[in-house]
Amino acid sequence: MRAYVLRRLWQSALTLLGVSLLVFVVLRVLPGDPAKMLLPDGAPQSAVDELNRQLGLHEPLHVQYGIFIRSVVRGDFGQSFQYRAPALRVVTERIAATAELALAALILTVAIGVSLGILAAVRRGTRYDYASTFLAVLGQSLPNFWLGIMLILLFGVALRWLPTSGFESWRHIVLPAITLAAFPTALVARLTRSSMLEILGRDYIRTGRAKGLAERSVVLRHALRNAAVPVLTVLGLQIGTLLGGAVITESVFAWPGMGKLVVDAIFFRDFPVVQTVLIFSATIFVGLNLVVDLLYTVIDPRIRYS
Amino acid sequence: MSRVDAPVTNSGAGRLSPTALVGGILLALTVLASVFAPVLASSDPVKPSYSRRLAPPWGIGGTSAHVVGTDNLGRDILARLLHGGRVSLTLAAISVVIAAAVGIVVGLVAGSGGERVDAFLMRLADVQLALPVIMLAIAIVAVVGTSPAALVGVLALSGWVLYARTVRANVLTIRRLEYVEAAYTLGASDVRIIVRHILPNTLAPILVIGSSQFATMVLLESGLSFLGMGIQAPRPSWGLMLAEGRDYLSNAWWLATAPGIMISLVVLGANLLGDGLRDLLDPRAG
């Protein structure tokens, strides 16, 4: 167990190191003249020279990468010139909004996705099954930027029930959360269905029914707990989908989170902020997946990694 | 004379489900409509015509000259949808092929190379998965520009991991099968084993991944174009049309609605086809 935890920690650290290398290549090596790109248009030559010296751009690439890593580890992600503040602070100020949206979407995903999946599996072959499968296929096929706009059109423009942009009250989160949740909900519903169907066919479920357990207890306590492992894995990987989906959802609804920040930063060519958001998202993804892997051992006591 | 038994057939397997067929037809129709765009839509998809701006679709106040209406610059929306389809579908198809090729090669190398090569390549796959595709994509596009070649590169870069992991897993399994070990013992080369035994056995899952990845690529391309980082105006692109239509939601809802329906149809078609192929070719995957 301890060896397993240590190995996963080591792998996560390696992955993050790889991410930093990829970000370094994309933002420092690909552009050719990064100092010009990292500075706003029309910056004086003295500023370009100063940044060149600061970033060590006259050094060979591996030395530059060393400098880059050292400053990132120290928490120095450079200055955002759009906001004239440290890029790290600009990004951390936006994380709460994205976390709020992602959490709301995650709650919708688990609540609706798992319920639909259980319903479809328990009532296999009935119209409940077909209806939930149809909803799931639909949810996976609607592009979220279009779904968001259609929700705005229906609930904002036509019915005027809900606000379509901004961040003031709980009513503002409803439409973006639904938009962001649609795809992962569909995925979770389908996965829960197939996973439940497999478990419901097992011998110990028949034994449970034979000994007179209530159907509710068979489904929820015996089957669902075992069906949850693959669902949880996919939820972990869906963190990436949520963070990526937030980029588009936040842009559609003017939600002031990390996703909108990175899109705006690209248009302002505010690369220190872009770099910070990339590294942050990857860290969140890797960290949460590490947690999910460790959670397995709690959900499924049979899993004991040596 | 003894009776000859009828040959054993496995009916049931080997037939595409009705929903998968629907998906295939949907996909085929959109592809055909895009290929024949110049024939089907006579209007110019790019040239503005200010005298007929924001005409509603046929049947709700519009005329049959512009079945889906016109946009804010008076361009025929149907013509833009079909020409936009050419761009989106071509980019998606090329990206799927490149991603598959790269993924297959990486998977083969990881599966049949040494332990260290394998570990390195799989960590690389982890790195790729750790970054949300759309964020990496917009960062790259911001640096290298929004040319179609850059778009294809970004899309392909996002897709190789799934193929690589699947091919690798298959190589590791197939290599231990007795007949493959026998082939080794008889002196068959690595290349021969890969070409004769491993690739044919891996084709089915690759096909399944490819068809559902086509859906992902269409979504990703239109998403990037929607954000202004893909196809640039005035070229028609579904994502871009959607973005332009946002400003007219209250007085011309069809601008943003029509391209979304096209994207959804293509993605739905590819997803249904992918699911059907999986059930058909890889029954274990459920």
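This is a predicted model: local features need pLDDT of at least 70, side-chain atom pairs count only at pLDDT 80 or more; totals for chains, interfaces and linings use all residues.
**Chain B overall**

Chain B contains 10 helices and 0 strands. Along the sequence, its elements follow the pattern α-α-α-α-α-α-α-α-α-α. Taken along the principal axes, the box filled by the C-alpha atoms of chain B is roughly 75 × 65 × 30 Å. Of the 286 residues in chain B, 47% are buried. Among contacts in chain B with a separation of 6 or more, 73% join residues 24 or more positions apart.

**An enclosed helix in chain B**

The buried residues are Trp238(B), Gly239(B), Leu240(B), Met241(B), Leu242(B), Ala243(B) and Gly245(B). Their packing partners in chain B are helix H3 (77-112), H8 and H10. The buried residues of H9(B) also pack against a helix of chain A, namely H7 (144-158).

**Contact between the chains**

The contact draws 38 residues from chain A and 36 residues from chain B. On the side of chain B that touches chain A, the elements giving two or more residues are helices H4 (115-130), H5 (133-144), H8 (190-226) and H10 (254-281) of chain B. H5(B) supplies the largest share of that side, with 9 residues. By class, the side of chain B that touches chain A comprises 26 nonpolar, 7 polar and 3 charged residues.

**A helix pair in chain A**

Two packed helices are described by the angle between their axes and the distance between the axes. In chain A, helix H1 (residues 2-29) and helix H4 (residues 61-73) have axes that come within 11 Å and cross at roughly 115°. The crossing of H1(A) past H4(A) is right-handed. H1(A) contributes Ser20(A), Leu21(A), Phe24(A), Arg28(A) and Val29(A) to this contact, and these meet Leu61(A), Gln64(A), Tyr65(A), Phe68(A), Ile69(A) and Val72(A) of H4(A). The residues of the contact divide into 8 nonpolar, 2 polar and 1 charged.

The table sets out the residue classes of the two contacts described above.

| Contact of H1(A) with H4(A) | 8 residues | 2 residues | 1 residue |

How values were computed:
Residues are numbered from 1 along each chain as its sequence is written. Chains are lettered from A and ligands numbered from 1 in the order in which they are written. Axes are lines fitted to C-alpha atoms, for helices over the stretch in contact, and angles run from 0 to 180 degrees between N-to-C directions. Helices (H or I, at least four residues) and strands (E, at least two) are DSSP runs, numbered from the N terminus. A crossing is left-handed if the near helix is turned anticlockwise from the far one by less than a right angle, and right-handed if clockwise. Two residues are in contact if their C-beta atoms, placed from the backbone, lie within 7 Å. Ala, Val, Leu, Ile, Met, Phe, Trp, Tyr, Cys and Pro count as nonpolar, Asp, Glu, Lys and Arg as charged, and the others, Gly among them, as polar. A residue is buried if 20 or more other C-beta atoms lie within 10 Å of its own, exposed if 12 or fewer, and partly exposed in between; C-beta atoms are placed from the backbone.
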